[in-house]
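Hi,

Here is the structure I promised to pass on. Have a look, and then read my notes below.

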Amino acid sequence: LIAGAAGAIATSGPIGRGPAFAQTAPAAPAGPFKLPALGYAYEALEPNIDAQTMMIHHQRHHGAFITNLNGLVGKYPELASAASDPVVLLTELSKVPLDVRGPVRNNLGGHWNHTFFWELMKPGGTKEPSGALKAAIDSDFGGAQQMMEKLNAAGLGRFGSGWAGLIVGKDKKLDVVNTPYQDTPHMELAAKPVLGVGRWTDPDMMAE
């Protein structure tokens, strides 16, 4: 379980299993969607997250979402507008043609989730909330520690891969939720994400 939190990270321990992968990603088809740069080196978050794990999730997983999205633009040209603002389409998936809705949901959701996740993490960043966010967490959860316990429980409670997050719900209050696979809080909940936690699992676990 890996949590990206406003310039800090919280983990249940270093991860990084499986065979070695090449350090370069295959070239993605030309299109409006681009793989965002991390802004820091793959090894910058060690020992919490090792360089190989970062490389695999950035280049391979996130890169695959970009490749797939650019491929989908030919079938659904309106998707190109989501390259600059994915949230609009993520909140209106019912308007996407049914034959491409699933692929758009998975790949655009994956692109948004991972972009948000990379932006939340910062080597040497702030480790505790402050200001208005701290006040809201203290009011709604009783403190940052209690909030993180609930957040980690939500992530661990999600079977297989998915996400957990701290959100601002329709009632304008903070809450903790989890979503399957690459769904985002925008989709079913129409919520505003504040913090995202990636539930990354070993593929072998999926058969359990």
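Where is the kink in helix 1 centred? The answer is Gly 63, where helix 1 bends by about 30° (the angle between axes fitted to the seven residues ending there and the seven starting there). Before you go on: this is a predicted model, in which local features need pLDDT of at least 70, side-chain atom pairs count only at pLDDT 80 or more, and totals for chains, interfaces and linings use all residues. Residues are numbered from 1 along each chain as its sequence is written, and side-chain values use heavy atoms, leaving out hydrogens and water.

Helices (H or I, at least four residues) and strands (E, at least two) are DSSP runs, numbered from the N terminus.

Now the strands: strand 3 (residues 162–168) and strand 4 (residues 174–180) run antiparallel and are joined by seven bridges (pairing takes at least two DSSP bridges). Val 168 sits opposite Leu 174 of strand 4. Five residues lie between the two strands of this hairpin, where Lys 172 has a positive phi near 70°.

As for the inside, the largest nonpolar core has 19 residues, and Phe 33 and Leu 108 are among those that touch the most other members. A core here is a set of buried Ala, Val, Leu, Ile, Met, Phe, Trp, Tyr and Cys residues joined through side-chain atoms within 4.5 Å, buried being under 20% relative accessible area with a 1.4 Å probe, protein chains only. Helix 3 (98–120) gives the most to this core, six residues.

Cheers

Conventions: Buried < 20%, exposed > 50% of the residue type's maximum accessible area, 1.4 Å probe, protein only.
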